Amino acid sequence: MKIKTVKTTAIEGQMPGTSGLRKKTRVFMEPNYLENFIQATFDAIGGGTGKTFIVGGDGRFFNKDAIQVILRMAAGNGVSKVIVGQDGILSTPAASHLIRLNKADGGFILSASHNPGGLDEDFGVKFNAENGGPAPEGLTAKIFEATTTMNAYKTVDADDIDLSKTSTLSHGDMTVQIVNSVSDYQALMETLFDFDAIRALFASGFTMRFDAMHAVTGPYGTAILEDALGAPAGTVTNGVPLEDFGKGHPDPNPIWAKELMDVMMSDASPDIGAASDGDGDRNMIVGRGAYVTPSDSLAILAANAHLAPAYASGLAGIARSMPTSAASDRVAAKLGIQAYETPTGWKFFGNLLDANKVTICGEESAGTGSSHVREKDGLWAVLLWLNILAVRKQSVSEIVKDHWETFGRDYYSRFDFEDVALDAANDMMENLRGRLDDLTGKSFAGLTVVSADEFSYLDPVDGSTSNNQGLRITFEGDGRAVFRLSGTGTQGATVRLYLEQYSGQGGDINQDTQTALQQVRDAAFEMSDMKAMIGRIEPDVIT
Ligand code: VG1
Ligand code: CO
């Protein structure tokens, strides 16, 4: 098969963000856009010759077409083998596992995660490195650099490969292996959790609703929860992946998973509700009448992980992203293990996991995971919850309440202001950044600032530094506000304001969240002059 070199021109720098390159689908479909990014990735990792890669995506519109492009380009770049999920389907954690299992040189995951899919919505590509984790910052910088100097890409003339059946095919010298999307991942889960105990839980009449949101976890949820663990048929809802996710936002939070929330808050509520996002790396957990915030979920999973076989001997440490609440730090302190605070995005956990400094990690945005892969893992979190419930034989809300009684409660909420004019968002951040040094000791909305800084991370493993990772302000009385600009939006800027208030041990754990956060919120609005700077203080989404 003849390798073709196609001339192209650099597309003014394609910058991979928190989670790969994410753009409108139509942008990805422009001539050479996807091709440039893929070639830039091959160039940045020193070429593809003789290497093995994993390829799959969340099933959104353009997934299959993009895979065919990548397969031809892989052959053009001398790759020796590509392993692809059947029908082009691989969840992000399953792809991470396949990279590790097959000792591959990396993987391409096609997804814009929780962003909507379709011709007029979003598409994305992430490159994961040989450890199975998102490309570290040094590599994303090289990829970006390569996109700016690009003048040709390599591919082959070849027909599309049939992705619908598990089989082994070829593009010339390159082997393409189509694998079942679920089975290796399921086998991994069986090594981590007590499937017999969870099976017994379901057999005893325990009920669950898992909302796959018409995204990638449908086949995984059905195979594992219903077929392997014996949950009744119908436990998994919206279980067929659709190219437009049924026109929904496959984002597992109380706003976008409203259908599930309504059931969980009603008399017909099952014992546990859960949902996952577009690419299967996020999770939402909700008990009967009780939503569990992701920050609390991370802390509770960490505090109870020893009840599952894989974590019975304890945790090496716990890591959380900076905007995530301090709840998991309290667990680490009690367990006498190290707590790490990293910038937003899973890539920063990779080094800590590889160096065995931590076992469990999480983010406030509904991501939790462990050392079993190098990505956050939605179903993993759901299964760990089920394992804990099977052992403790208490309800979700009893477990949550018990946790708060032991550790105190970290009230938490995130406000998202979407599609803000870029200049306005940058000006607001710049303005606040410029005043950080003067904030300490000043009062806003009656709250005195204890400290204010811009988060910068020194990686304890490789010594690299990541600056500009969010503005954080702590208040007297254990309150905190964090301002950050999103790195995953595709339109304008998204301003995220993260609010947190600790009840103290033995403090009031029964307040309404927004009431408990009111003072911190007002102080944040006042100190940033948000109303004047971006023209509003009403968020689009509150989680
Ligand atoms: C968001 C979340 C962050 C997460 C990232 C990717 O980033 O806040 O916690 O790691 O999405 O998640 P940002 O920059 O928009 O705040 V996913 O599920 O898209 O892989
Ligand atoms: Co995701």
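How far is an oxygen atom of ligand 1 from an N or O atom in the side chain of Arg 496? Select the pair and you'll read 2.5 Å.

Before moving on: this is a predicted model, where local features need pLDDT of at least 70 and side-chain atom pairs count only at pLDDT 80 or more, while totals for chains, interfaces and linings use all residues. Residues are numbered from 1 along each chain as its sequence is written, chains are lettered from A and ligands numbered from 1 in the order written, and side-chain values use heavy atoms, with hydrogens and water left out.

Stay on ligand 1 and pick Thr 488, whose side chain has an N or O atom 2.5 Å from a ligand oxygen. For Glu 363 the corresponding distance is 2.7 Å. Now show everything around ligand 1 (a heavy atom within 4 Å): 21 residues come up, Ser 113 and Ser 365 being among the closest. That shell has no nonpolar residues, 10 polar and 11 charged, counting Asp, Glu, Lys and Arg as charged.

Next, click the cobalt ion (ligand 2). Ser 113 (OG) coordinates the ion along with Asp 277, Asp 279 and Asp 281 (OD each), at 2.0 to 2.1 Å. Donors here are N, O and S atoms within 2.8 Å of the metal (3.2 Å for Na, K and Ca); water is not among the atoms, so sites may look incomplete. Asp 277 is buried at 0% relative accessible area, and Asp 279 is buried at 0% too (buried is under 20%, with a 1.4 Å probe and protein chains only).

Finally, colour residues 106–110 (β5) and 122–128 (β6): they pair antiparallel over 4 bridges, where pairing takes at least two DSSP bridges and a strand is a DSSP run (E) of at least two residues. Phe 108 has Phe 127 in β6 as its bridge partner.

Note on methods
Buried < 20%, exposed > 50% of the residue type's maximum accessible area, 1.4 Å probe, protein only. Polar contact = N/O pair within 3.5 Å; in protein donor to acceptor, adjacent residues only side chain to side chain.
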